[in-house]
Amino acid sequence: MASLFSKIARFANSPQGKRAIRQAQQFANDPRRRAQAKSAIAKLKARVSGHGRRPY
């Protein structure tokens with residue numbers, strides 16, 4: 001059975017993997033997407049740390 005890392009490496013070297021990597025790099029360089037990601041990460045951190053919980 002192939003290890004998870006070897007499966008990921010094989011996908012990354014395939015045409016579909018190269019296309020996915022290129023698209024992810026474009027999204028990462030887009031300022032609007034970067035702001036969305038930063039906001040999502042902040043929400044997750046607040047949820048994990050217990051801040052920002054809604055009182056039920």
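Leaving aside neighbours within four places in sequence, which residues is F11 in contact with? I start my notebook there.

**Entry 1: ground rules.** I am reading a predicted model, where local features need pLDDT of at least 70, side-chain atom pairs count only at pLDDT 80 or more, and totals for chains, interfaces and linings use all residues. Residues are numbered from 1 along each chain as its sequence is written, and side-chain values use heavy atoms, with hydrogens and water left out.

**Entry 2: F11.** I looked up F11 and found Q16, G17 and A20 in contact with it, neighbours within four places in sequence set aside. Contact means heavy atoms within 4.5 Å. F11 lies in helix α1. Its relative accessible area is 47%, so F11 is partly exposed. The scale is this: buried is under 20% relative accessible area, exposed is over 50%, and partly exposed is in between (1.4 Å probe, protein chains only).

**Entry 3: the helices.** I noted 3 helices and 0 strands. The pattern along the sequence reads α-α-α. Helices (H or I, at least four residues) and strands (E, at least two) are DSSP runs, numbered from the N terminus.

**Entry 4: α1 against α2.** I checked helix α1 (residues 4–13) and helix α2 (residues 15–29): their axes come within 4 Å and cross at roughly 85°. Therefore α1 is roughly perpendicular to α2. Axes are lines fitted to C-alpha atoms, for helices over the stretch in contact, with angles from 0 to 180 degrees between N-to-C directions. Roughly perpendicular covers 65 to 115 degrees. From α1, the contact uses F11, A12 and N13; from α2, it uses P15, Q16, G17, K18, A20 and I21. By class I get 5 nonpolar, 3 polar and 1 charged residues.

**Entry 5: A2.** I found A2 in the segment before α1. A2 is in contact with K7 and R10, leaving aside neighbours within four places in sequence. With a relative accessible area of 33%, A2 is partly exposed.

**Entry 6: whole chain.** Of the 56 residues, 4% count as buried. I also looked up confidence: pLDDT averages 87, and 88% of the residues score at least 70. pLDDT is the predictor's confidence in each residue, from 0 to 100.

Note on methods:
Parallel < 35°, antiparallel > 145°, perpendicular 65-115°, else oblique. Nonpolar A, V, L, I, M, F, W, Y, C, P; charged D, E, K, R; others polar.
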